[in-house]
Amino acid sequence: MHTDIRRFRPFLILAVLCSSLFLAACESSDEKAERYFQSGMSLLASGDEERALIEFRNVFKYNGFHKDARKTYADVLVTQGKLQEAYSQYLRLIEQYPDTVEVRRSLAEMAIQNGNWDEAERHGRAALALTPDDPQTRAIGLALDYRQASIDRNEAERGRIAQEAATLLDTLRAGDGPDNDALVRIAIDHLASGETPADALPVIDAALERSPEALDLNTMKVRLLAQSGDTEATGAQLRRMISLFPDNREMQQALINWYLVQKDIDSAEAFLRDLAGPDTGETTGHLSVVQLLQTARGPQAARDELERLSNLNADTDNGRIYGAMLASMDFEAGQTDAGITGMRASLEGAETGEQSRRLQIMLAQMLARTGERDEAGALVDQVLTEDTSNVAALKMRARWLVDADKPGEAIIALRTALNQNPRDSETLTLMAMAHERDGDTDLMGERLALAVEVSASAPAESVRYARFLLEQGREQVAIAVLEDARQRAPETLDLLLLLADIHLRSRAWPQAQVIVDALRTLDTPQARQAAPTLQAAILQGQNRTADSLLVLEAEVGDDISDADRQATRAMVLIVQTKIRDGKIDEARAYLDDILAQSPDNPDLQLLNANLHALMGEMKPAEAVYRELIDRFPQNDLPVRLLMGVLSAAGREDELLAVLTAAQERMPDAPNLLWIRASLLERNGDIDGAIGVYETLYARDSSNTIVANNLASLITAHRDGPESLERGFSIARRLRGTDVPAFQDTYGWIEYLRGNADEALRYLEPAAGGLPTDPLAQYHLGMTYAALGRDGDARTSLIRALDIAGDSPLPQFQKARDTLADLPAATTDQPPQTNP
């Protein structure tokens, strides 16, 4: 039968289409994955990396174990500079195929570059086990061994490894292979850490010929050139790096700093203006010009530039920014009203948005500093109503919450801020403060450490963390943190002085001498004063008192001037050195001779009075202190020293008169308020003492001693749940403390809150550390009684009453009542413990 093919054409087309669909439906997951892989490889060959990556991701949907696809995907990410993502992909691959040596090598090399030596060891050693003779694998092993030799300070081993690395590098280069980063850096580090670091420059230049755009090699070169004192070559290298890395902010700042060191302000200004672009363009670069002008040419030059930019950008958002900066300058110059008025003017007419919120925060900061906390808080609330994640506003709110003893709420606010910028060192530091207020020193330390990390060992963050470490007794870690920061900012005075103090206290004289030598290279008044003082301290610590005195005497010179602060400091130290050496008569004679030449020097007269007091000559000491009070009525130091003389003589009425007169002149002096609180407490006026401590606490709630004293008085002398909760909110920062007075405060509060077991952890060491404090013994005895340890309770309460004598405090009547209620003691049941 004849068939007309045309009648069946639609059916045939449909059949063909359906057959292809059936075939696709039958295609396995592995086949689909392979098809996407081949497509990705084709796209990669044609140079279309982004579409190739999409195809590779499609591979993983159908076959997460496709080795070639995942490795190729990771390799492409490396070429694109997405190293963290590439590292994650390599890790996934090595979990699936642990014996893939090239991936082990890649992971080890990336870990070395990131300084993650634990991971470098793990993957590097695994690669060595797989291919110990492979040159690239051997290079990783040498890098690991070189680091260990450096840690061990095994110079011979370092030298041997460096020589082997150089030989292997020459072999690789002879074969026209690519440079191995690990080998190059071993060679450079070994030479750069030697006696002549500049010897590393030819090695760096050879490596740069092969990798001219390697940022770390270029950075090492400029650092070594600067260390060698080759100023012109340093500048040329910096300019070359700017051409290679035009957007690198650190390089830009380095070139500006180089210009400033050369005192070439014009070139620095021209460079910054070129970076800033048009006058009506984005403001960031122009504000950098303003900052340079203020630093190098003075405030007026900066103001002139801001006024010029403000006029050119009138009635624009940029103009408002420049107006706000002018207002900020007024405020910082002490013209607070003008500054606030100017900031308000900058906000007038501004549309609601990111910039208006920025200006509102600047105004809020001004208002907070002038005591207008309510209006500042209202502005912060308004900003957060518009933008709940505004970081600056969250940080201000968190700071206030910490001050108000609400650390939990502060932490919540700061977590929101960290979500916007996880690497904000200021936010991390504030979170550390919140954890400290909450009594969680472990989390405090973690946040401070992270602040150091994200700031790349910035000086302020490093000093803050080092102080925390020192409080924890971790001196060597603190030194390591400070040394890392010194590499970045070698001229930071606070950092150098803290390092010097650590080395002096640990009697590490050579290390202290290194810091003194560094200070002598700094051309600042503070450094010039610190260097001889520290040098004298080193010599005295080595029992070289005569040499120490020679150093100090050299600072005095022949002409003595009241205005020469450095010479005055040296003279004070000379007298103190003679006193410590037991030569008080020599100290007296030396000081009298100096005073004959400079009778009106207040620092020397203060020392004169102190020396009289030390020698038991109270009348002349008192006379000099009173004379200094008359000369300097706003200085509370001579007041406090005079009160010490009066107290020692039992002249309480005169002491109170001196204090009252001083507080009339200086009502806000914190030291005098503190003395007033102590006297009130001693005389039984507990409410008066609490009132003074409340004033001090409102001014600075971060002062731990004030917090302890206030919490202790509130909870010891006031009843009721509100007082107890207030005391706990203040004292919670004392958790984990090892200071006996703080342990006593916190432990007693825990007792009052019904946590006797927790209280005991603090009150036992507190009573041991305060053996003559009757309240500390009372607190421990009451806790023992609550725990049913009657024998221990009896021992501690009797000890408390013996020490207290006829004290009228109600606590001791409570101790008597508790003793009376305890079961009678038996001779065969001794106390269970001795605190």
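**A colleague's note on this model**

1. Start with the overall layout: the C-alpha centres of domain 1 and domain 2 are 68 Å apart. The chain splits into domain 1 (29-243), domain 2 (601-667) and domain 3 (695-821), with bounds that come from an automatic or database domain assignment.

2. A word on the ground rules. This is a predicted model, where local features need pLDDT of at least 70 and side-chain atom pairs count only at pLDDT 80 or more, while totals for chains, interfaces and linings use all residues. Residues are numbered from 1 along each chain as its sequence is written, and side-chain values use heavy atoms, with hydrogens and water left out.

3. Now have a look at the second largest pocket, with a volume of about 1,000 Å³. Of its 33 lining residues, the closest to the centre are Ile-112, Gln-113, Asp-181, Ala-182 and Arg-185. Two or more lining residues come from each of α4 (67-79), α5 (83-96), α6 (101-114), α8 (135-151) and α10 (181-192). The lining divides into 15 nonpolar, nine polar and nine charged residues.

4. What do those pocket terms mean? On a 1 Å grid over the protein atoms alone, a pocket is an open set of points where a 1.4 Å probe fits, with protein on both sides within 12 Å along at least five of seven lines; lining residues have an atom within 4 Å of a point. The volume is the space filled by probe spheres set on the points. Helices are DSSP runs (H or I, at least four residues), numbered from the N terminus.

5. Next, Gln-535, in helix α30 (residues 525-541). Gln-535 is buried, at 9% relative accessible area (buried means under 20%, with a 1.4 Å probe and protein chains only). Leaving out residues up to four places away in sequence, Gln-535 touches Gln-513, Val-516, Arg-520 and Val-551; contact here means heavy atoms within 4.5 Å.

6. Asp-636 sits in the loop between α35 (618-631) and α36 (637-648). Asp-636 is buried too, with a relative accessible area of 14%. The side chain of Asp-636 makes a polar contact of 3.4 Å with the side chain of Asn-671.

7. Finally, is Thr-783 buried or exposed? Thr-783, in helix α44 (residues 774-786), is buried, with a relative accessible area of 0%.

Terms used:
Ala, Val, Leu, Ile, Met, Phe, Trp, Tyr, Cys and Pro count as nonpolar, Asp, Glu, Lys and Arg as charged, and the others, Gly among them, as polar. Buried means under 20% relative accessible area, exposed over 50%, partly exposed in between (1.4 Å probe, protein chains only). A polar contact is a pair of N or O atoms within 3.5 Å; within protein, one must be able to donate a hydrogen and the other to accept it, and residues adjacent in sequence count only if both atoms are side-chain atoms.
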